[in-house]
Amino acid sequence: MVVIGAGIAGVACARELRDAGVPVQIRERGRVAGGRMASRRFDGRPADLGAAYFTVSDPEFAEVVRGWQAAGLAREWTDTFVAYDAGGRRAAPGPVRWSAPRGLRSLVEHLARDLPVVVNRLVLSVEPGPTVDGEDCAAVVLAMPGPQAALLLDPALVPATDAVGRQRWSPTLAAMLRFPCRRWTDFGGAFVNDHPLLSLVCDDGDRRGDGAAVLVAHTTDGFAAGHLAQPTAAAPQIEAAVRDLLALPDRAEFVHVHRWTYAKPADGGGPDTGFHLDDDGVGLAGDAFGRPRVQTAWRSGRDLGRALARRLA
């Protein structure tokens, strides 16, 4: 069978299938695995431009995280962010946020290390059978945002097309800003409430543990929606907003802006575990089936993989 998409949901699904003895191949249109747990290197140093961190509450996911931790890939980061709102700056305690010194993408790559992942493989169609680009499959999983899955699905696959059609997604721009030196008051991450441009700012040097003078900012969906065609043109506005928020005197030495057209399910907030699997043999997995969390995507893929393994046994 075929899993389309090598983000954490697709990889978790494929691992369950492989462990159950079901032959599986992951096909990924990008150059690397990771999906929205995306990291990019700048002058040899990684910066997370997708998910900012992850939290852990599921016991089985905790086992996976312990494996990452033992391999030196994951670390406990902080249980306290700050929040900026009309009342100023305040502490915002919460669950322990985890980060990855080599970038969150390294965690997905570790999970996929012994799985058959084919990168740079663009899938064009999923049709009844099911077939993937004309190839018969026992089943197929689309582990990606619904609007992207809709481009692949034949309309005759009614349950799956209906399921992806119900999904609503919001965009964001993620900007990496490198400064000459650290001139801000210590913080790990900052929720920015009721701001016309910013929604989250993370101290990537603190998150990575190397003390680099690097910040990563995520914009509001409203601001992003107006800059999806030319995201790089938004760099000066994002830099100005970050400098104003943190009262920074220095301009950034370098700014890189990444566009996420489908950054987060807009109607998330339900149970953490969910997936779609229909009688046509088409499955859907990801954080659209619960709260927008890394753990949600992992659980969705895991549970879909188990359901498919039982069906195909």
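Trainee: Where is the place of P130?
Mentor: P130 sits in the loop between β8 (126–127) and β9 (131–132). Helices (H or I, at least four residues) and strands (E, at least two) are DSSP runs, numbered from the N terminus. Keep in mind that this is a predicted model, where local features need pLDDT of at least 70, side-chain atom pairs count only at pLDDT 80 or more, and totals for chains, interfaces and linings use all residues. Residues are numbered from 1 along each chain as its sequence is written, and side-chain values use heavy atoms, with hydrogens and water left out.

Trainee: What kind of peptide bond joins G129 and P130?
Mentor: A cis one, with omega at about -5°. In general, most peptide bonds are trans, and most residues other than glycine have a negative phi.

Trainee: Which value does phi of N120 take?
Mentor: Phi of N120 is near 55°, which is positive although the residue is not glycine. N120 is in the loop between β7 (117–118) and β8. D133 has a positive phi too, near 50°, and is likewise a residue other than glycine. You'll find D133 in the loop between β9 and β10 (135–136).

Trainee: Is N120 buried or exposed?
Mentor: N120 counts as exposed because its relative accessibility is 54%; the cut-offs are under 20% relative accessible area for buried, over 50% for exposed, and partly exposed in between (1.4 Å probe, protein chains only). D133 has 34%, so it is partly exposed.

Trainee: OK, new topic. Where is H195?
Mentor: H195 is in the loop between β13 (189–192) and β14 (198–203). With a relative accessible area of 24%, H195 is partly exposed.

Trainee: And what does H195 touch?
Mentor: T220 and A241, not counting residues up to four places away in sequence; contact here means heavy atoms within 4.5 Å. The side chain of H195 also reaches the backbone nitrogen of L197 at 2.9 Å.

Trainee: How far is H195 from A252?
Mentor: Their C-alpha atoms are separated by 21 Å, and the two residues are 57 residues apart along the chain.

Trainee: Let's go to a strand. Which one holds A175?
Mentor: A175 lies in β12, residues 169–178. Its relative accessible area is 0%, so A175 is buried. Leaving aside neighbours within four places in sequence, A175 is in contact with L215, V216, A217, I238, V255, H256 and V257.

Trainee: How far apart are A175 and D58?
Mentor: They are 31 Å apart in space, C-alpha to C-alpha, and 117 residues apart in sequence.

Trainee: Is R302 buried or exposed?
Mentor: R302 is buried, because its relative accessible area is 6%. R302 belongs to helix α9 (residues 294–312). Leaving aside neighbours within four places in sequence, R302 is in contact with A12, C13, E16, D58 and E60.

Trainee: And where is F61?
Mentor: F61 is in helix α2, residues 59–70. F61 is buried, with a relative accessible area of 0%. Beyond four places in sequence, the contacts of F61 include F54, V294 and W298. F61 and R302 are 241 residues apart in sequence, with 9.8 Å between their C-alpha atoms.

Trainee: Last one, the whole chain. How many helices and strands?
Mentor: The protein chain has 9 helices and 18 strands. Its radius of gyration is 20 Å, close to the 20 Å that the globule rule gives for 313 residues, so the chain is as compact as a globular protein of that length. That radius is taken over C-alpha atoms, and the rule is 2.2 Å times the number of residues to the power 0.38. Buried residues make up 54% of the 313.

Methods: Polar contact = N/O pair within 3.5 Å; in protein donor to acceptor, adjacent residues only side chain to side chain.
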